[in-house]
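Here are some notes to read alongside the model. Have the sequence and the 3D view open, and take the points in order.

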Amino acid sequence: MAAAAGEAAGGGGGSPSSARRRLRIISGHLRGAPRAPGRGALSPSPCKAQGGSAGPASGSIPKKRQELLKWNGWGYNDSKFIFNKKGQAEFTGKRYRLGGMILPTFKEWIEKTFGASLEHKTTSRASLNVNDVPPSFVNEEFLQDLIATKISYSQDAEDRVFRAHGHCLHEIFVLREGMFKRIPDIVVWPVCHEDVVKIVELACKHNLCIIPFGGGTSVSSALECPEEEKRTIISLDTSQMNRILWIDEKNLTACVEAGIVGQDLEKQLAESGFCTGHEPDSMEFSSLGGWVATRASGMKKNIYGNIEDLVIHIKMVTPRGIVEKNCQVPRMSTGPDIHHFIMGSEGTLGVVTEVTIKIRPVPEYQKYGSVVFPNFERGVACLREVAKQRCAPASIRLVDNAQFQFGHALKPQVASIFTSFLDGLKKFYITKFKGFDPNILCVATLLFEGDREKVLQHEKQVYDIATKFGGLAAGEDNGQRGYMLTFVIAYLRDLGLDYYVIGESFETSVPWDRVLDLCRNVKERIVRECKEKGVQFAPLSTCRVTQTYDAGACVYFYFAFNYRGISDPIHVYEQIERAAREEILANGGSLSHHHGGKLRKRWMKESISDVGLGMLRSVKEYVDPNNIFGNKNLL
Amino acid sequence: MATAAAAPGRARRGAPMYSKELTSKKRDEFEDILEERRLSSDLRYAMKCYTPVIYKGLSPCKPNAIKSAVLQSEQVQYVIKQLAKEMGESPDIIQEEATEILDEMGHRMQLGAVRFFAFTLSKIFKQLFQRVCVNEEGMQRLQHAIQEHPVVLLPSHRSYVDFLMLSYLLYTYDLALPVIAAGIDFLGMKIVGELLRRAGAFFMRRSFGGNRLYWAVFAEYVKTMLRSGYAPIEFFLEGTRSRTAKTLTPKFGLLSIVMEPFFKREVFDTYLVPISISYERILEESLYAYELLGVPKPKESTSGLLKARRILSDNFGTIHIYVGQPVSLRTLASGRISRCPYNLVPRHLPQKPSEDIQEFVSDVAYKMELLQIENMVLSPWVLVAALLLQNLPAMEFELLLEKTLWLKGLTRTFGGFIEWPDNLCAKKAVLSGLTLHSNIAQLVDGHVVLNDKGVEDGATGEIVFKRALAILMCATYRNQLLNVFVRPSLVALALQMTPSFRKEEVYSCFSFLRDVFSDEFIFFPGISLKDFEEGCFLLTKCDAIQTSQQEIYPTDKGSVTVSFLSAMFRPFVEGYQLIFRYLSKETKEAFTEKQFIPGVRNFVFQLLEKGVTQCYEALSSDMQKNALAALVQLGAVKKKKMSNGFTYNVNQEAVSKILDMFDARIPVQKPVAARL
């Protein structure tokens, strides 16, 4: 579960694109995998003893993940960047808008930015070598007990390996070239809350270790099995718990099983005219339970809120029993909110099985937009003003110059001379007429959502503010492409890996007055560390302000470099990332905005004080004294 | 470094690298920049196309824009509002006050003024100096540094020429001209003050600790210029010109201001550039000697400056400017500074630096001064002065030559940077020194004699004064060696003062001397043991001592060196003894500095007149102040701040005890010795 919401690469909020396109994607999936919408999606029926063989899953993600998803990279098997025979970049498949398109300037960009060359290629091994996989040790008595529950399980090597990791760079590297030292011994697929209760009871009885698994999109090593764990490790895959149990239109809430992935949730709600509006970048693959367990954040949080604002009720199975509230109310004041022990607990306390979440009517109208600023400083000042006036659209992001150029390199070939002429004219207007330096300017991308009238009004308000900060409206297209970048970035990393380029993203939240200093210093630190560590070519070190709040902002960094000539690139990469994190902390940024996991453990004490850490520990000790949920995240 | 970590107290990161850890110190070559000036037109040089190298992130702005940015800054506005609330005044009035402060303080750099200086200084420098030598590699390093991060120039301060010369140099090399923190007293000089202002000087009051508005405006002014990379910021760590040519202990105020933007991460890094400016003959040498003896310093005035122009006919030899390696503040701070204090409070609020930070600032200050010292160029004359002072009233010329060569070798062993061309014979070197410094010493009948005559048959008082003047002037040159020699010499002194050869006793005596002289010489704080080891190492290197597991003893042929070294520092030992004696017996229990200096001066003067002592250097107000400061640090004197300045209270018993340690050579008990 811990895994699910960690967005693989993009994250600060949102996803490639809007719900509208998202729906198109999703309906594409439907066409691709023609299945009836499964059981009556809205049936409030509890888990009626479907037993171990729950039949075909109604969700988008099958039990055999590898049939649909890449085993050694991000996303769908049929969707990836390639260089075609002419040496041009191209995105394959039909799932995404970019599918089948040629990206004429991308090759040049990758060569110029990383000093990479198409001649120098690394290749992943073609398939998993089953002989390397650590054997499965499962106690016979437990197995008998498990079989008696009729819950579906597997000890297959592939099933176990594909639940031993998330999408951190080092994990993908291991898949391509090595093998994990420790992986789950058995995978179980509960189909309802009661199944989970049984599994947890059995684990307690036999003293085994459970690691919940949702969408597997973690980017913080949250799914890594502790090497020293001697007990049998059970990977509890929630993917088959994916029904909407009921929708309450009067209170605008829906009760949903925690294993549902984002795209299914939105698709099924949309059938009734609703949405949650929660769109982390990973929403195609990450699960509701994962969002809760990791305190996820969504792109459109300005309208819908982050997960902590969306959740009304949580049911979690722990070794101590079931924890939940006795009502479904907007707020209560009886001591600290127990939801806050659960949200962000990252699978260390139990398994979230059912969540009641706020829903909204699907918005009538959506519009992208973008604004060009002469420099990053002005852009940040504008975002700050927008936040101050509390008129942020569903999403507002400011990308720096490097990321703007990155986005530009992903511009598909234009069909007509007229469009390219228009593009040229626009460029001329901005750079020559307005005097913006193309190597300094930066772009804010916008997404408005709501009633048509209100959207247009809102749009005007935001553009008026932007004008005060020297911003120029730069069209819907640029905006849309900006959002596309965040969602293809994870696919792009796989391409980079083939050409000696490794990269990762990380995020932080920071008070407004420190945003500029933090962005500049962290980027510079990365460049400097790369140089010191012997990286031959200057790295890509870029950031965007990706969410705005009253008191600060969420900043997202991309960082990638060409590792040719370096013997241990992962180690070098990790050192640099650690230095960047130190730099963030020294600049008054937080350890994380929405990615926690094992990766940040070393700074926890500094981050929340000894006593704070003790508080978390004591909760863990009470709830799970035998460390059944032993993934060792956070503490 | 490993042993130092075990030193008393705690390990100090960023401690200086001593010769023990260095295989060889390689220094850059010098170029004479006046040579070209003598060959081509000064006017054309002053009017040359000046397009300096500047900081990469700089958005150019006018001096007035900086001032208004400072006035409107959150930092200054915050203090204005606070003061308005506390004093019940309208913020406008205080804002007005702040504007006045800024107008008094701010520079108005103008290219015109710079060109004027470029022209006149060319003329003047050519007249005064034979050569102005610069390490060009240092200039190149500086050029890179200026583009990369904000730069702080930290030159040594021996003369008013320092900052003129430095700006002149940067102009010559087409680098961004620095803004310079200057004392407000310059503004007393008509025209000149304004001219300096236009050449980039900004003016700070001598003391403004209590004035919050002034402090806020000043600090913000400096930081604004630093953050924006507007220009390199130049100031003197020593705070004032050293009258003794011996590096003064650093002041921390300005340094902590320029370091703050990095602590708050408003800049990625800041480069600190130590610069050593060495004069073969110091322009103000006789003024300084008078001043040290209590004849007041003439107030800065334009007419005074015009009168001083007769010095133009004099020759002041060569200036060496060594621009040191830029030191990255980020590198120095790495792993040392806990970042919490600055994360939890808005950055514009005035915040007293934590103890960690204060300690760090102090360490950096000492480190920079040690780097300055390391690259100070020593002329042969410095060696002559040191020898002459040990052989007063006169020294045979041939012996002097022989000894000078010997001392040259010793100085190099200790890491001193002597400018002595390979083909120059000792005789020529010494003679040229004597020519340049004929006001101090002369060659008479094959003997080198101190120039202390003149009033042969005056009153004894006058003779003492005249002699003191000559000795202090001569000492100014010997002093240039002291910080290079201090570690081995204090070991040598300790060896002589300790009845046994036991290492731990020698160390505890060394440690005592180091504490007593902590204001006199530059010691990196908290590394007493490391200093001791360095001293022992250097003495071993020149075969002066041998060490065993437990003992240190002079070698047979090393006794000459050991006694020379201890004699070199003898004036300080004797001087401090005199001053301590005065404090333990002759003074009232409470006094001000204004009472103390004349009191101790009279006391010493009388002893000199009576011939009871020969320690003329104890007349130096510099030594007197340092000795008092040392007692304050050792806790034997209490310093209290009163409305009219500081008052001192002597614990006479404690002072006597310290005096006993000098006199009776009582070994000092220190638990650290076990570590040796």
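1. Some housekeeping. This is a predicted model, where local features need pLDDT of at least 70 and side-chain atom pairs pLDDT 80 or more, while totals for chains, interfaces and linings use all residues. Residues are numbered from 1 along each chain as its sequence is written, chains are lettered from A and ligands numbered from 1 in the order written, and side-chain values use heavy atoms, leaving out hydrogens and water.

2. Back to that cavity. The search works on a 1 Å grid over the protein atoms alone: a cavity is a set of points where a 1.4 Å probe fits but cannot get out, a pocket is an open set with protein on both sides within 12 Å along at least five of seven lines, and lining residues have an atom within 4 Å of a point. Points are joined across faces, edges and corners, and a volume is the space filled by probe spheres set on them.

3. Helices (H or I, at least four residues) and strands (E, at least two) are DSSP runs, numbered from the N terminus.

4. Now look at the second largest pocket, at about 2400 Å³. Among its 50 lining residues, Glu377(A), Leu516(A), Asp517(A), Arg520(A) and Gly57(B) lie nearest the centre. H17(A) gives the most to this lining, with 8 residues. By class, the lining has 20 nonpolar, 14 polar and 16 charged residues.

5. For the angles, under 35 degrees is roughly parallel, over 145 roughly antiparallel, 65 to 115 roughly perpendicular and the rest oblique. Axes are lines fitted to C-alpha atoms, for helices over the stretch in contact, and angles run from 0 to 180 degrees between N-to-C directions. Where the two helices meet, the H11(B) side includes Trp215(B) and Phe218(B), and the H12(B) side includes Leu254(B) and Ile257(B); contact means heavy atoms within 4.5 Å.

6. Helix H24 (residues 559–586) and helix H25 (residues 593–610) of chain B pack at about 110 degrees, with axes 10 Å apart. H24(B) and H25(B) are therefore roughly perpendicular. Their contact has 9 nonpolar, 1 polar and 1 charged residues, including Tyr582(B) from H24(B) and Phe603(B) from H25(B).

7. Two backbone details in chain B to finish. The peptide bond from Leu392(B) to Pro393(B) is cis, with omega near 5 degrees, and Pro393(B) sits in the loop between helix H18 (380–390) and strand S11 (394–396). Ala245(B), a residue other than glycine, has a positive phi near 65 degrees; this alanine, Ala245(B), is in the loop between strand S6 (233–234) and H12 of chain B.

Technical notes. Ala, Val, Leu, Ile, Met, Phe, Trp, Tyr, Cys and Pro count as nonpolar, Asp, Glu, Lys and Arg as charged, and the others, Gly among them, as polar.
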